[in-house]
Amino acid sequence: AAIAAVVRGPVQEVSRTIAVPEPPDVVWHVITDLDNLATWRRGLTRVERLPDFGGRPAWMEYRGEVQEAVRVAEAQPPLRLVTERMSSSGRRASWSWEMARTVRGSRLTLTRRVSEDPLYLRIVNGLTGRIGREVEQALADLSFRLSTGSRLRTTALNR
């Protein structure tokens with residue numbers, strides 16, 4: 001697995017790449033299945049679908065007291081999904097999921113970009129590696145979900 005962390009002005013970016021034994025279409029279905037996101041993503045307590053924004057799916061993610069409005073910024077099924085996020089604290093971020101078919105399944109790269117944090121938070125995040133841990137956790141959660149082999153029902157976002 002490869003990991004990279006970059007701080008550019010007000011933007012922090014962390015990427016990690018892993019190999020998974022499933023093809024991109026299976027990975028796509030899992031990461032876009034809104035009804036079941038909270039069943040495999042640690043800390044996510046519920047997901048509430050919102051009206052489409054700009055013709056693209058949107059939803060609210062809840063983690064305890066923290067709420068994040070999420071919308072699809074770009075979708076190229078089953079190889080690329082980019083979501084834009086705005087937390088209740090005003091933090092803006094994006095998650096980019098990039099999948100490539102391999103002989104043994106897929107190569108998956110997750111990139112998280114965080115902007116609009118005050119300078120002191122950018123420094124703390126950089127020193128503590130918090131954003132990198134969020135990426136690591138998301139990929140670990142996804143890997144565990146994929147390893148269970150159970151197929152959950154498909155929802156409107158990934159039909």
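What percentage of the 159 residues in the chain is buried? Buried residues make up 42%, where buried means under 20% relative accessible area, exposed over 50% and partly exposed in between, with a 1.4 Å probe and protein chains only.

This is a predicted model: local features need pLDDT of at least 70, side-chain atom pairs count only at pLDDT 80 or more, and totals for chains, interfaces and linings use all residues. Residues are numbered from 1 along each chain as its sequence is written, and side-chain values use heavy atoms, with hydrogens and water left out.

**Whole chain**

Color by secondary structure. The chain has four helices and eight strands; these are DSSP runs, helices being H or I of at least four residues and strands E of at least two, numbered from the N terminus. From the N terminus, the order is β-β-α-α-β-β-β-β-β-β-α-α.

**Confidence**

Color by pLDDT, the predictor's confidence in each residue from 0 to 100. The chain mean is 82, and 76% of residues reach 70 or more. Select helix α1 (residues 24-31): confidence is highest here, at 96. Now select strand β1 (residues 2-8), where it is lowest, at a mean of 44. Over residues 1-8, pLDDT stays under 50, and the model has 20 contacts beyond four places in sequence for them. A contact means heavy atoms within 4.5 Å.

Select β4 (residues 56-63) and β5 (residues 66-76). They pair in the antiparallel sense over six bridges; pairing takes at least two DSSP bridges. Find A58: R71 in β5 stands opposite. Two residues separate the strands of this hairpin, and G64 in the turn has a positive phi of about 60°.

A75 has L81 in β6 as its bridge partner. Three residues lie between the strands of this hairpin.

**The second largest pocket**

Which residues line the second largest pocket? Select L50, P51, F53, A58, A69, V70, R71, E84, R85, M86 and R92. β3 (46-53), β5 and β6 each give two or more residues to this lining. The pocket holds about 200 Å³ of space.

A pocket is an open set of points on a 1 Å grid over the protein atoms alone, with protein on both sides within 12 Å along at least five of seven lines; lining residues have an atom within 4 Å of a point. Its volume is the space filled by probe spheres set on the points.

Notes: 1 Å grid on protein atoms, 1.4 Å probe; cavity = no way out; pocket = protein on both sides within 12 Å on 5 of 7 lines; lining within 4 Å.
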